[in-house]
Amino acid sequence: MGRYLLGRLALAIPTLIVVSVVVFVLQKLLPGDAATLMTADADLSAADLARIRAELGLDRSWPAQYLVWMWGVIQGDLGTSLNTKLPVLDVILDKLPVTFQLATMAILISIGVGVPLGVIAALRRGSAADYAVNFAGLSGLSIPPFWFGIMLILAFSVELNWFPASGYVSPFEDLGASLWTMLLPAIVLASENIAILMRHTRSAMLGVLKQDYVRTARAKGVFERLVVVRHALRNALIPVITLGAIEFGRLLGGAVLTEQVFTIPGFGKLLVDGVFTRDYPIVQGVVLVAACCYIALNFLADAAYAGVNPRIRAR
Amino acid sequence: MRRLALAAAFLAFAAPGFTPQAVAQPAQNTLRIGLTADPDVLDPALGRTLVGRMVFASLCDTLVDYNEKLEFVPRLAQSWEWSNDGRALTLRIRSGAVFHDGTPVDAAAVKASLDRARTMPQSLRRSELAPIAETVVVDPGTLRLELRSPFVPLLAQLADRGGMIVNAKPSEAAGTEFGRQPICAGPYRFAERVAQDRIVLQRFDRHWERDQYHFERVVYLPIPDATVRLANVQAGSVDMVERILPTDLPNARRDRRLKLADAVELGWNSIIINTNNGPKANNALKDKRVREALELSIDREILNRAAHAGEFVVGNQPFAPGNPYFASELRAQPRNVARARELLRAAGTPSPAFTLLVPNDTERNAVAQILQQMAREAGFDIRLQVVDFATSITMSQNGDFEAYLLSWSGRVDPDGNMHTFFHCQGSQNDSKFCDPRIDAALDRARTLSDVAERRKLYAEATAVLHDERPRIFTYHRKWFFAYSGRLTDFTANPDGMIRVRGLRWQQ
Amino acid sequence: MTGIPAAAAVSPRAPGALARLLRHPGAAIGGGIALFFVLIAILAPVLAPYDPMAVDWMALRSPPSAAHWFGTDEIGRDVLSRTIWGSRASLLAGLASIALALAVGVPLGLAAGYFGGWFDALAMRVVDGMLAIPLLVLAIAMAATLGPSLGNAMIAIGLSVCPVFVRLARAQTLAAMAEEYVEAARAMGYSHLRVALRHVLPNTVPALLVQATLGIATAIITESSLSFLGLGQQPPAPSWGSSLNTAKNFIVQAPWMSLWPGLAICLAVFGFNLLGDGLRDTLDPRDKD
């Protein structure tokens, strides 16, 4: 068991190296660099430009630039933003609570809505309710998040004026306002995960309901709801929670467009702006942290799963 | 299903003590300004963005400033005087001005700040301040700038980031990290910055003009989407926003909670044509007649109406109508498709094809598509190549373009709108079009301070541009501001900056 | 033993599967929707009432009317025609990018699963790394690097979703390798290529088919997201995502501009998701209740 987990952990390192190399190379292939952007607004001679590039370390070869960055990372220094000269680590730590809050709210909504619906669908298998839930879940998967976000803003912010159209309020300043402002974007993010969780809950429940002990309990006439809660759901939840953890890890790095539409200052916004302003240290740093979160949560999910299911360890 | 979630969420949040209205409550002594983007580094020597200048307008006092009529007014320099030969500018520094750390702003401090901007390796101000050969402290209240040659536009540089005085003593230690805790001498001092979320400035109580600044705090919030920005000021979650879209104006005008202000920009928008930069200069537009036909195919009024709801200002030169340097005698040619076709036939290319490089944003996307359609009616086949902004300037600099949609935010001195773009040696002359008549006029205009004389020279240069058409000017944007009706009136400046001076809540 | 049919594992199921698929209500409806959009894309020149690029300066952002059923856009183009033509970009992006992902991913996954060893380890590390980067971020970076165009967006999407197929193909290969007839074929001394292609590959088909159908849905959304960011279909050619990108600026003044392309994306994606679900129900024995 311990060796299995240790092995998994060791595999994370080459994975992270692949992530950083892929992202680094992609960025370097983009035309222009941070220094080019400076010429858009300032009168710079070719000599000025060359000097600035040298100062920023952009005149070195790609491998050299990558190794300099990597060496910093090993020492815990993610570098300095080329654009704002702020330490990348500080910027990321500033954003982490925002992204974390959004992802948490989204995953809670997904579980709160997806699991009960999945249970209902499983219990009423083949009924109209089952089809309705399935249909709703598929619709959630099929709506492009940015369009859904725009439609929600149009309806609830512009027309009804119930929500602020955008922005972010720190939960430490005003918890109520913070949750309220994040609700629409969290719903948009949740729409996809609701469907995923619902379907997994449904199939897990169906699997458990077929088990002998549950059938026996039902046959003995134990009150149906009790059976569902005490036996079936508890067992069905294990894969669902695992999946929830993985989805949570994905949400931490993947809310690019939702953040864009609702102008939430999280990781996604930082990444996209970083790509378009050629701010390599920012993009490298954010992707690395997001990948770490993803890998860590996957790892936790696997660990939890392996703890429950010894067959996994054998593989 | 989502509706269900929503209803559940409402119930959850309808808990006592919280109402959604609480979000919209403005803090009485804070002014919240919505910006189009997150500013870059808050160091005047390193700053490159327009939104950065917005923040500097409150954070860092310049030596001189200009009003909405573009007349120079004193700021940290109480007065200034050119020497007779135009090679020295003597500045009298305001007494009583102090930096945010309490250090007095005297001639030595101003010298240190200017020298920092002139010599720091990463400084973007080096070229702008290059005409200064020497900064001489005459006495603690007087600084003399000695120039290599007469250079009138210097005053405008001193009214922009080049003339923003920072306390250079600590910045020597901080280097490029100065922008994390900038120490300037503006009416507001730096308090806090959360990247891409907010920049908070706190009123500086020892500012020499403290009584003109009525807000204790100014908070800058980046809200990139223009429609969302407007929605925020409508909902009261910010008090003022810059750059409303022309198409959103009807909505803003209907809203009685809002006040609007606008000003025509200092800058220009144009199609630049690669006439001389590398192999791609050998394009369908290399014949002057083809370029004329292109201009004749464009109806600037319809372009304005279709792309900008008719709210911008059509233009045919580097200065907008109303600018002191606008040459009213140089008229735009009205659209004439028949004449355009004739010219194309005469040039032997009845259906010239070329690629128009377009930086990726909604406005220029629309403009490009409209231009494409208009030019098609005259026989042009324009392919659009839309790329992200950084890519577009890289391509443009490398001569990797045939035509390019380029905008410039503009400068208060006409030199800043022309020299770097049209002079043979101009660093931003990406079409590498070169004409000695333009060079002569632009160089000479730098040495003169009389507006009428300079206007004449700039008109001469513009006339050459009109004849040769290495670039076709199309329109001038307007800065539209929307702000809370509870604020006193705000006057928009053609530079698009928000000057907080004098603004307050109505009693 | 040459008589072992290529699709030994699936062929007994195949006829039944098709019939079941047609009887499956979800799959039938989903397939119908997908077919509907394919037909619209093919017949766009016949169906569209106007040239999708033709501008009308006199009819900017005009609301739906008898002349323009879906209204017109910001430079007076017919929204209905652009929505019809836009289906080409979206479907093409969906199909082509998944085809690319299959073409790259399946051989890699097959090889990794078949040969194992260092190649497998290396491939899995790369796959893990790419999966750890959010799909859209990867696609944005690739599309920006390649330069914005529909073709490049397809490549970016295809390469971004590719790791999923590598992993799936590998897992299916491992499962198939344990089957007796594959072991038998190997024991017979057939070449690796022959065993991999004729005995292992067919086993991976059902799972890949399901994943590909669902992948088309994801790819359509991703293409519209990239176009929404200006990295997909280039103006003035129509695509649903780029229409939405422009329409978001006119959401209050001209809601019809964002409504129709948005609904079109939803419906098309819904169709492929439904079809994929149906395929899973009928083809994938593990999920059968």
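**View 1. Four strands of chain B form an open sheet in the order β4-β5-β7-β6, with antiparallel pairing.** The edge strands, each of which pairs on one side only, are β4 (77-82) and β6 (132-139) of chain B. From one strand to the next the twist averages 20°, where axes are lines fitted to C-alpha atoms, for helices over the stretch in contact, and angles run from 0 to 180 degrees between N-to-C directions. This is a predicted model, in which local features need pLDDT of at least 70 and side-chain atom pairs count only at pLDDT 80 or more, while totals for chains, interfaces and linings use all residues. Residues are numbered from 1 along each chain as its sequence is written, and chains are lettered from A and ligands numbered from 1 in the order in which they are written.

**View 2. Strands β6(B) and β7(B) run antiparallel, and a helix packs on their sheet.** Six bridges join β6(B) to β7(B), which covers residues 142-147, and B:Glu134 is placed opposite B:Glu146 in β7(B). Helix α4 (residues 107-119) of chain B touches β5 (88-93), β6 and β7 of chain B, and its direction makes about 170° with that of β6(B). Here two residues are in contact if their C-beta atoms, placed from the backbone, lie within 7 Å.

**View 3. Strand β10(B) pairs with β1(B) in the parallel sense and with β9(B) in the antiparallel sense.** Between β1 (residues 30-35) and β10 (residues 217-222) of chain B there are six bridges, whereas β9 (residues 198-203) of chain B and β10(B) are joined by four. B:Val219 in β10(B) has B:Arg32 opposite it, and B:Val200 also stands opposite B:Val219.

**View 4. Chain A meets chain B through 53 residues of chain A and 48 residues of chain B.** Several helices of chain A each supply at least two residues to this side, among them α2 (34-38), α5 (88-123) and α12 (267-276), but α8(A) gives the most, with eight residues. By class, the side of chain A that touches chain B has 28 nonpolar, 16 polar and nine charged residues; Ala, Val, Leu, Ile, Met, Phe, Trp, Tyr, Cys and Pro count as nonpolar, Asp, Glu, Lys and Arg as charged, and the others, Gly among them, as polar.

**View 5. Helices α7(A) and α8(A) cross at roughly 145°, their axes coming within 10 Å.** Residues of α7(A), including A:Phe148, A:Leu152 and A:Phe156, meet residues of α8(A), including A:Leu184, A:Val188 and A:Leu189.

**View 6. Helix α5 (residues 117-132) of chain C has 16 residues and reaches 23 Å from its first C-alpha to its last.** This span is close to the 22 Å expected at 1.5 Å a residue, the expected value being 1.5 Å times one less than the number of residues. Among the buried residues of α5(C) are C:Ala123, C:Val127 and C:Leu131, a residue being buried if 20 or more other C-beta atoms lie within 10 Å of its own, with C-beta atoms placed from the backbone.

Terms used
Two strands pair if DSSP finds at least two bridges between them. A residue is buried if 20 or more other C-beta atoms lie within 10 Å of its own, exposed if 12 or fewer, and partly exposed in between; C-beta atoms are placed from the backbone.
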